[in-house]
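Please look at the sequence and the structure first, and then I shall go through them.

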Amino acid sequence: MSTKELKDLIASAEAMIAKKEKAERQSALKDAQAAAAKWGFDLKELIDAGAKPAGRKAGKRQLKPKFRHPENPDLTWSGVGRKPKWVLEAESAGKIDAMRISD
């Protein structure tokens with residue numbers, strides 16, 4: 001096969017895949033609607049009931065800050081995850097203990 005024929009074959013296959021995926025999504029949606037109806041619900045009603053509250057990710061908890069920037073008290077770090085630049089700088093200067101928030 002030539003390069004053009006191969007590219008045409010790829011384009012045709014991608015179009016067939018997109019068409020098949022659309023049909024599968026429609027089938028899955030009908031199945032989900034039927035399952036919801038079996039229990040006396042509308043699918044949208046179930047989806048809305050399971051929505052996450054705005055502004056907070058489900059399963060995530062807010063960690064208390066353990067370190068506070070000495071010049072800008074709005075900057076804090078919980079001690080978990082990637083260290084902010086100001087924490088790295090304080091560590092290299094040996095001043096991180098002075099930034100620890102006491103309970």
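**A walk along the chain**

Leu-9 has its place in helix H1; helices here are DSSP runs of H or I with at least four residues, strands are runs of E with at least two, and both are numbered from the N terminus. This is a predicted model, in which local features need pLDDT of at least 70 and side-chain atom pairs count only at pLDDT 80 or more, while totals for chains, interfaces and linings use all residues. Residues are numbered from 1 along each chain as its sequence is written, and side-chain values use heavy atoms, with hydrogens and water left out.

The chain has three helices and two strands, and from the N terminus on they follow the order α-α-β-β-α.

Let me stay with helix H1. Just after H1, Gly-40 adopts a positive phi of about 85°.

Leu-9 is partly exposed, because its relative accessible area is 48%; buried means under 20%, exposed over 50%, and partly exposed in between, with a 1.4 Å probe and protein chains only.

Is Ala-36 buried or exposed? Ala-36, which lies in helix H1 (residues 3-38), counts as buried because its relative accessibility is 4%. Apart from neighbours within four places in sequence, Ala-36 is in contact with Phe-41, Asp-42, Leu-43 and Leu-46, contact meaning heavy atoms within 4.5 Å. Ala-36 and Leu-46 are ten residues apart in sequence, and their C-alpha atoms are 7.8 Å apart in space.

I turn now to a loop. Ser-78 sits between strand E2 (76-77) and helix H3 (85-92). Ser-78 counts as buried because its relative accessibility is 15%. Which residues does Ser-78 contact, leaving aside its neighbours within four places in sequence? They are Leu-63, Lys-64, Pro-65 and Lys-66.

Finally, the chain as a whole. Of its 103 residues, 11% count as buried. Among contacts with a separation of 6 or more, 22% come from residues 24 or more positions apart. The chain exposes about 9200 Å², with carbon and sulfur atoms supplying 56% of it; these areas come from the Shrake-Rupley method with a 1.4 Å probe.
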